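Visitor: I would like to go through this model and ask what stands behind each label.
Guide: Then let us look at it together.

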Amino acid sequence: MSRIPLMAGNWKMNLDHLEATHLVQKLDWTLRDGRHDFGAVEVVVCPPFTDLRTVQTLVDGDRLEVKYGAQDLSVHDSGAYTGEVSGKFLAKLGCSYVIVGHSERREYHHETDAVVADKLVAAYRYGLTPIFCCGEGLEIRKAGSHVAHVLEQVRAGLAQLTPEQVTSVVIAYEPIWAIGTGEVATPDDAQEVCGAIRAQLAESYGEATAQGIRILYGGSVKSGNIAAIMACPDVDGALVGGSALDPVEFASICRYQQ
Ligand code: PEP
């Protein structure tokens, strides 16, 4: 089964709504100028919550083919949860995707596998496609238990979803030691874990489902290393942090085939 590659930019807590306008316009111009085929490689930006309305207006108004999503969502739909943002609101703003379980949420906001599992369910309640992040820290990698660690995160995260929901989930394998460090995992490192994730998905949900699920790699992706990463048979795209803040660089990543 052919999987459409997905390049998702995680802006983290960078760029206000005015800067977002500039980035999205420049990204769109650069991609169009290079005759980017949006049907062949999907392009997604995930700005801060406060930028989403602006990005929606731009995308709708100018009929852009760039898609957008949020970086997190609440497990709740509404109510007395100060500071939280519901998947219901994100869907209303036209978000297609939402990042769930990023290592920075797990580390700084103490999100456990159980919370991540609840957030995946919340995303599907409102038709949002989750980009579900998993990955090991350096200690686990050094101890050689990274594959087992990631497979357990994947199992726990997907545990509450229906088999039908699992068919559309996007999984992002992000070794924490490679995020924002300039330290990129080798293509063999990425393939080892992404291949193991797909094998586990096949065991749990069947080969057809496993072959249809997109598995991204994330961790210091740049235009200079994306082609080698994309050559891995079980890598279907990238979750990009720092390099997604430069529209020309991110466009080059999206156009890795050219
Ligand atoms: C990320 O935060 O998801 C990420 C992969 O960041 P960077 O590309 O900067 O390593």
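Visitor: What makes β3 and β4 a pair, and in which sense do they run?
Guide: This is a predicted model. Strand β3, residues 67-70, and β4 share 2 bridges in the parallel sense. Pairing requires at least two bridges, so the strands qualify.

Visitor: Which way do the residues of β4 point, and are they buried or exposed?
Guide: In β4, residues 97-100, Y97 and I99 point one way, while V98 and V100 point the other way. All four are buried. In a regular strand, side chains alternate between the two faces of the sheet.

Visitor: Which residues touch the most other members of the largest nonpolar core?
Guide: That core has 77 residues, and those with the most contacts to other members are A8, V98, I131, F132, I171, Y173 and A238. Setting aside residues up to four places away in sequence, F132 touches V100, G101, L120, G157, V169, V170, I171 and A172. Nonpolar side chains tend to be buried together in soluble globular proteins.

Visitor: Why does R35 count as exposed?
Guide: R35 has 8 C-beta neighbours inside 10 Å. The limit for exposed is 12 or fewer, so R35 falls under that label. R35 sits in the loop between α1 (17-33) and β2 (42-46). Its C-alpha atom is separated by 36 Å from that of R105, 70 residues apart along the chain.

Visitor: How do you know that the radius of gyration agrees with a compact globule?
Guide: For 258 residues, a compact globule would have a value near 18 Å; the protein has 17 Å, so the two agree. The C-alpha trace spans about 50 × 45 × 35 Å along its principal axes.

Visitor: What share of the residues is buried?
Guide: Buried residues are 45% of the 258. The protein has 12 helices and 8 strands.

Methods:
Residues numbered from 1 in each chain as written. Predicted model: local features only at pLDDT ≥ 70, side-chain atom pairs only at ≥ 80, totals over all residues. Buried ≥ 20, exposed ≤ 12 C-beta atoms within 10 Å, placed from the backbone. Rg over C-alpha atoms; globule rule 2.2 N^0.38 Å. Core = buried A, V, L, I, M, F, W, Y, C linked by C-beta atoms within 7 Å. Contact = placed C-beta atoms within 7 Å.
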